[in-house]
Amino acid sequence: MRLSPIRRVSFAGRSFFLKRDDLLHPYLSGNKARKLHFLRQKSNIEEIHSFGSLHSNAMYSLSFLAKERGISFIYYARLDPSLKEPKGNLKAALENGMLLRPLEEWPYGKGISHLIFIDGRLYIPEGGRCPQAQEGIAILAKEILDWAKKNRKTPKIFLPSGTGTTALFLQKYLLFRVYTVPCVGDEEYLRKQWRELDPSAPQPTVLFPPKKYRFGRLYLELFELWRELKEQTGVTFDLLYDPVGFATLLHHDLLDEDLLYIHQGGIMGNETMIERYKAKLDKIAKTKKGAV
Ligand SMILES: *Cc1c(COP(=O)(O)O)cnc(C)c1O
């Protein structure tokens, strides 16, 4: 894995630092490249099994890693109409040879937070939430620490959370304060994930978002924020996590030179989100015309 650069960028008149983990790898989403780093070391795997949504970045990343090693990847999901015309992560994962099975066939609990390895078959919890994820996240922590030392900084670290795995292990390996916002569920959900994953690790600081955003739902103000981000920074962010992240930072007035934002990749998932936003905007435009 090569080092990802840290750059100073400006948004909404404030300057902050951005760690470009989205540039880590041409196909692997930054966050998943870190969390699934352990897989590249692990030998004797014949099949990878995991479960989750049909749009997930983890699903795509696992399909890529399985293909790279020439082993099968079996994914358990609620099979829905998006399968008729696959796009984004789903399309790419199927092209990588991913095999789908109905979610009910996943043989373990949905809430497991550890790997299960039986007869060459490796079962990975949803979103790669397992203790082994810390191997790659420790490398990320080391890169941040080296940068901070070299530049004499004591940054506040920020990254939006799904399962919270990345934020928890970053805080475990860094003395700098790690801030996060829950994008899936609420603070209670995040703290539960953390207790289960590593009860003795110090927990990150949880910021509440300006309002309750449901994961994967469309919010025009978030789409607008994402477009503004792209225009002002020149960087494409992800549409599921990053807009909630920046809305939260602006709300708490934390966007400044002491902040290091981790860009966790996930751009491939944008295709389906942009399509949904465009459809929504078209619909609004039509009703407006109708009203005139
Ligand atoms: C998976 C993912 C996350 C969430 O990571 P967690 O470790 O589950 O909190 C955030 N951003 C992107 C782009 C992701 O792909």
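A cavity is a set of points, on a 1 Å grid over the protein atoms alone, where a 1.4 Å probe fits but cannot get out, and its lining residues have an atom within 4 Å of a point. This is a predicted model, in which local features need pLDDT of at least 70 and side-chain atom pairs count only at pLDDT 80 or more, while totals for chains, interfaces and linings use all residues. Residues are numbered from 1 along each chain as its sequence is written, and side-chain values use heavy atoms, with hydrogens and water left out.

The count comes to 1 cavity of 30 Å³ or more, and the largest cavity has a volume of about 70 Å³, a volume being the space filled by probe spheres set on the points. Its lining is made up of 13 residues, and Arg214, Gly216, Arg217, Leu240 and Val244 lie nearest the centre. By class, this lining has 10 nonpolar, 1 polar and 2 charged residues.

## The shell around the ligand

The ligand is surrounded by 15 residues, each with a heavy atom within 4 Å of it, and the closest are Lys32, Asn57, Gly162, Thr163 and Thr166. By class, the shell divides into 1 nonpolar, 12 polar and 2 charged residues. Helix H1 (30-35) and helix H6 (165-173) each supply at least two residues of this shell, and H1 gives the most, with 3 residues.

## Contacts with ligand oxygen

A polar side-chain atom of Thr166 lies 2.6 Å from an oxygen atom of the ligand, and a backbone N or O atom of Gly164 lies 2.8 Å from an oxygen atom of the ligand.

Key: 1 Å grid on protein atoms, 1.4 Å probe; cavity = no way out; pocket = protein on both sides within 12 Å on 5 of 7 lines; lining within 4 Å. Nonpolar A, V, L, I, M, F, W, Y, C, P; charged D, E, K, R; others polar. Polar contact = N/O pair within 3.5 Å; in protein donor to acceptor, adjacent residues only side chain to side chain. Helix = DSSP H or I, 4+ residues; strand = E, 2+ residues; numbered from the N terminus.
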